[in-house]
Amino acid sequence: SKLGKLAAVVTLSPNLAAFGLAAAFVVTRRLPWLWAFVGAVAVDLACAALKEVLGHPRPAGSYRKGPGMPSEHAAFAAFCAVHLCLWVLFRVRCYMGLKA
């Protein structure tokens with residue numbers, strides 16, 4: 001079904017994003033893309049290690065086995081948000097001052 005195909009793509013989104021980050025580095029040779037890729041992989045590895053240490057069960061009715069927390073999707077989204085915020089903070093200059 002179309003919903004199943006959409007769910008499959010959404011499930012693979014962190015892998016696709018990591019591949020996109022690596023491809024962006026290969027094409028542009030810009031170091032920030034490499035750091036973003038390394039950070040994304042590090043977040044995924046940290047989540048896998050924390051899952052083994054914490055061992056929180058998945059919610060009732062889940063079709064997957066094994067520990068469920070921390071969520072790789074949530075951690076990856078948080079990493080991307082923090083990375084983007086830091087990039088904007090250090091790269092984009094806004095010189096509009098507050099008027100009294």
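Guide: The protein chain has a radius of gyration of 18 Å, whereas a compact globule of 100 residues would have one near 13 Å. That radius is taken over C-alpha atoms, and the globule rule is 2.2 Å times the number of residues to the power 0.38. The C-alpha trace spans about 55 × 40 × 30 Å along its principal axes.

A word on the ground rules. This is a predicted model: local features need pLDDT of at least 70, side-chain atom pairs count only at pLDDT 80 or more, and totals for chains, interfaces and linings use all residues. Residues are numbered from 1 along each chain as its sequence is written, and side-chain values use heavy atoms, leaving out hydrogens and water.

The protein chain has 4 helices and 0 strands. Its pattern along the sequence is α-α-α-α. Helices (H or I, at least four residues) and strands (E, at least two) are DSSP runs, numbered from the N terminus.

Buried residues account for 14% of the 100 residues. Buried means under 20% relative accessible area, exposed over 50%, and partly exposed in between (1.4 Å probe, protein chains only). Of the contacts with a separation of 6 or more, 40% join residues 24 or more positions apart. A contact means heavy atoms within 4.5 Å.

Now the core. The largest nonpolar core has 7 residues: Leu21, Ala36, Ala40, Val43, Cys47, Phe76 and Phe79. Both α3 and α4 give two or more residues to this core. The most comes from α3, with 4 residues. Such a core is a set of buried Ala, Val, Leu, Ile, Met, Phe, Trp, Tyr and Cys residues joined through side-chain atoms within 4.5 Å. In soluble globular proteins, nonpolar side chains tend to be buried together.

Take Phe76, which sits in helix α4. Phe76 counts as buried because its relative accessibility is 12%. Beyond four places in sequence, Phe76 touches Pro14, Ala17, Ala40 and Val43. Phe76 and Ala42 lie 34 residues apart in sequence, yet 9.8 Å apart C-alpha to C-alpha. Phe79 is another core member. Leaving out neighbours within four places, Phe79 contacts Ala36, Gly39, Ala40 and Val43.

Lys51 belongs to helix α3 (residues 31-54). Is this lysine buried or exposed? Lys51 is buried, because its relative accessible area is 8%. Residues up to four places away aside, Lys51 touches Arg58, Pro67, Gly68, Met69, Pro70 and Glu72.

Areas come from the Shrake-Rupley method with a 1.4 Å probe; for residues, only the protein chains shown count as cover. Val82, Leu86, Leu89 and Phe90 make a nonpolar surface patch of about 390 Å². Patch residues have over 30% relative accessible area and no salt bridge; nonpolar side chains (Val, Leu, Ile, Met, Phe, Trp, Tyr) are joined within 5 Å, like charges within 9 Å. A salt bridge puts a side-chain nitrogen of Lys or Arg within 4 Å of a carboxyl oxygen of Asp or Glu. Val82 lies in helix α4 (residues 72-91). At 49% relative accessible area, Val82 is partly exposed.

One backbone detail remains. Arg29 is in the loop between α2 (13-28) and α3. Arg29 is not a glycine, but has a positive phi of about 60°. Most residues other than glycine have a negative phi. Arg29 counts as exposed, at 62% relative accessibility.
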